Amino acid sequence: MTAAGATVEDDAEERSPTLDLVRRFIAGDLAELRVVLAIAVIWAIFYVQEPRFLSSINLSNLVLQMTAVGLVSIGVVLVLLLGEIDLSVGAVSGLCAAIMAVLIEKEGWSPYLGIAAGIAAGTVIGLFQGSVFTRFAVPSFVVTLAGLLAWPGAQLEVLGETGTVNINDPKVTGLTNTFYSDMVGWIVGLAAIAIYAAFALRARQKRVGEGLSAPPLGLLLMRIGLVTVAVLVAIWVLNDDRGLPLAALILVGFCLFFFYITTRTRFGRHIFAVGGNAEAARRAGINVNRVRVIVFMIASSMAAAGGIMAASRLLAVNQSSGAGDFLLLAIAGPVIAGTSLFGGRGSVWHALLGALVITSISNGLDLQGRESSVKFMVTGGVLLLAVVIDAIARRQRQAAGRV
Amino acid sequence: MNATGSTPVLSLKGVSKSFGPVQALSDVDFEVRPGEVVALVGDNGAGKSTLVKVIAGIHPADEGSMQFEGQEVTVNGPADAVALGIATVYQDLALSDNLDVVENLYLGREKVADGPAGTVGQLDEVSMEKRTGELLENLAVTITDLRAEVGTMSGGQRQQVAIARSLLGEPKLVVLDEPTAALGVRQTAQVLALIKRLKEQGHAVLVISHNLADVFEVADRIFVLRLGREAGDFAASDTNQEQVVGAITGASGNGGNR
């Protein structure tokens, strides 16, 4: 026992800090980089077959197309982080868009109130589903499956006899049809880069000041450089077409907001804790059911927001709004990008990256005039491939971590 | 048996507990003094877990009284026990594998930032990580990366994290349920060393264990339960493994066998 001190230190493993950093980079950041690489490959393939794919007009369209599914996916990510699933997001998006459309176009509500009412309807649905799930301990899969079946009925009811409500309100159509001037685009882009760099550098400085381990400055600058290039290229491409779309700002804005909530706040920490080990979270004094209900409320609200963006782009809400593959794409996206189906692992950015992958495939195949049969099979194949790669990577990570 | 002097941290008198027809504890008197490591041993079903649950407030006792630092107290839930200064580390650890060391240590009592950011629940990661580093250093626990997921760590490291976590609330009494079960030799040594350090720092420690070698390694006093009753209370320095085993099995209880 006198040797206990030495034994303890032995366990620290003789790993150099730089090697450790590389390992973390691979396990952490590179998971996202893998998706970015996948997007590059997909784009390259489509570009070779159809050069118009990478034209600024098509890339701008891509951004507009991915907004709706991306917003829904943000909510899905939060639910997946809990280790739960919400199968009702597609149906909820259709119903809430219908409520918004009817209130604005038929009842004469102001567009702001109508949009707020649509999102509030989503929040209430989430409260209901989350409460049933937690109160009666019914699996979320089943509760939301019931929602998937029931809400489209409510949607038909809301839409009335014609089954379609056209959207003429300029505020609503403007959600996906507003483009800012080149100047505004550059200002927004540069401001975003400056804010990101300032936050990243300040956070590092604070850690160094307190004597904690911090990422090497070089790595941080490299990351800032990558973000700078990505933002500038995006703004340049968008400006080459119609300009920076409002829809893109909405999507990125929501991603940033929920990124902050999930990674920087106590509530976000509790989401990860519940998803990782609900029993441990309960024993630590976390109100597990409260976290769950709130997350389901967020998921349904984001579904409503996505439904409203889809309605804005389609200029109508009809019986098939939110139906079809919308739900599965909204769930597949984050999973493709690396959010675990088993809870506790994932990032809000996976919603955006996943939507980009899925929308790219769909857009590229459309551009080539392929049948939807091909589209479904390719999307399914990509999902399967992504999940398999993720499973392999996780196993490797565990093997490396256990040493 | 125990030298008098300091007030016991925890003292139970005449504690009984039954679950339906099963009498899990009958009239048990038990105490732990400051800076003392008490081992609670007994065969399966002897009532060890029940006694721990009574102390931790999970199952309040049917009868008997409980004093904490000389004050009469009633503990009706885990929160009451924690508020008194009793920290319990359960056998299944209750760590989140997907969270790192700092996150696990502060789970459920995260520090939020000062000012307006704190009101929305923004975390103060820097101060949490700093405090975690200090706490682990104090306990001579070496974990290179405080931001590594707990799921990637060895059983011994996880146990040390779980114990360190219980110390964050500055408890008077730390209750460890089978801390060395399922650990290898080297890892067991780490955890036992940690228990000794807790004692050095003035914590009273109650260790539940099956492993008598471990018990003799760290305990000052060994309390034996058998079929829900006290079957022996030995000072570790003047007893031996045979005597304790005798008390556990009941062989020495009837006096004839040795």
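1. Let's start with a helix pair. In H9(A), the residues A:Asp182, A:Gly185, A:Trp186, A:Gly189, A:Ala192, A:Ile193, A:Tyr196, A:Ala197, A:Ala200 and A:Arg204 meet A:Leu220, A:Ile224, A:Val227, A:Thr228, A:Val231, A:Leu232, A:Ile235, A:Leu238 and A:Asn239 of H10(A). Here, contact means C-beta atoms, placed from the backbone, within 7 Å. By class, the contact has 13 nonpolar, four polar and two charged residues. Ala, Val, Leu, Ile, Met, Phe, Trp, Tyr, Cys and Pro count as nonpolar, Asp, Glu, Lys and Arg as charged, and the others, Gly among them, as polar.

2. A word on the source: this is a predicted model, in which local features need pLDDT of at least 70 and side-chain atom pairs count only at pLDDT 80 or more, while totals for chains, interfaces and linings use all residues. Residues are numbered from 1 along each chain as its sequence is written, and chains are lettered from A and ligands numbered from 1 in the order in which they are written.

3. How do the two helices lie? The axes of H9(A) and H10(A) (residues 217-240) come within 10 Å and cross at roughly 170°. Axes are lines fitted to C-alpha atoms, for helices over the stretch in contact, with angles from 0 to 180 degrees between N-to-C directions. H9(A) and H10(A) are therefore roughly antiparallel, a label for angles over 145 degrees.

4. Chain A has 17 helices and four strands. Both are DSSP runs numbered from the N terminus: helices (H or I) of at least four residues, strands (E) of at least two. Along its principal axes, the C-alpha trace of chain A spans about 85 × 55 × 40 Å.

5. Which residues of H12(A) are buried? They are A:Gly268, A:Arg269, A:His270, A:Ile271, A:Phe272, A:Ala273, A:Val274, A:Gly275 and A:Gly276, nine of the 11 in this helix. A residue is buried if 20 or more other C-beta atoms, placed from the backbone, lie within 10 Å of its own. Their cover includes H4, H11, H13 and H14 of chain A together with H3 of chain B.

6. Finally, the two chains meet: 35 residues of chain A are in contact with 32 residues of chain B. H1, H9, H12, H13 and H17 of chain A each supply at least two residues of the side of chain A that touches chain B. H12(A) gives the largest share, six residues. That side divides into 12 nonpolar, nine polar and 14 charged residues.

Note on methods:
Parallel < 35°, antiparallel > 145°, perpendicular 65-115°, else oblique. Buried ≥ 20, exposed ≤ 12 C-beta atoms within 10 Å, placed from the backbone.
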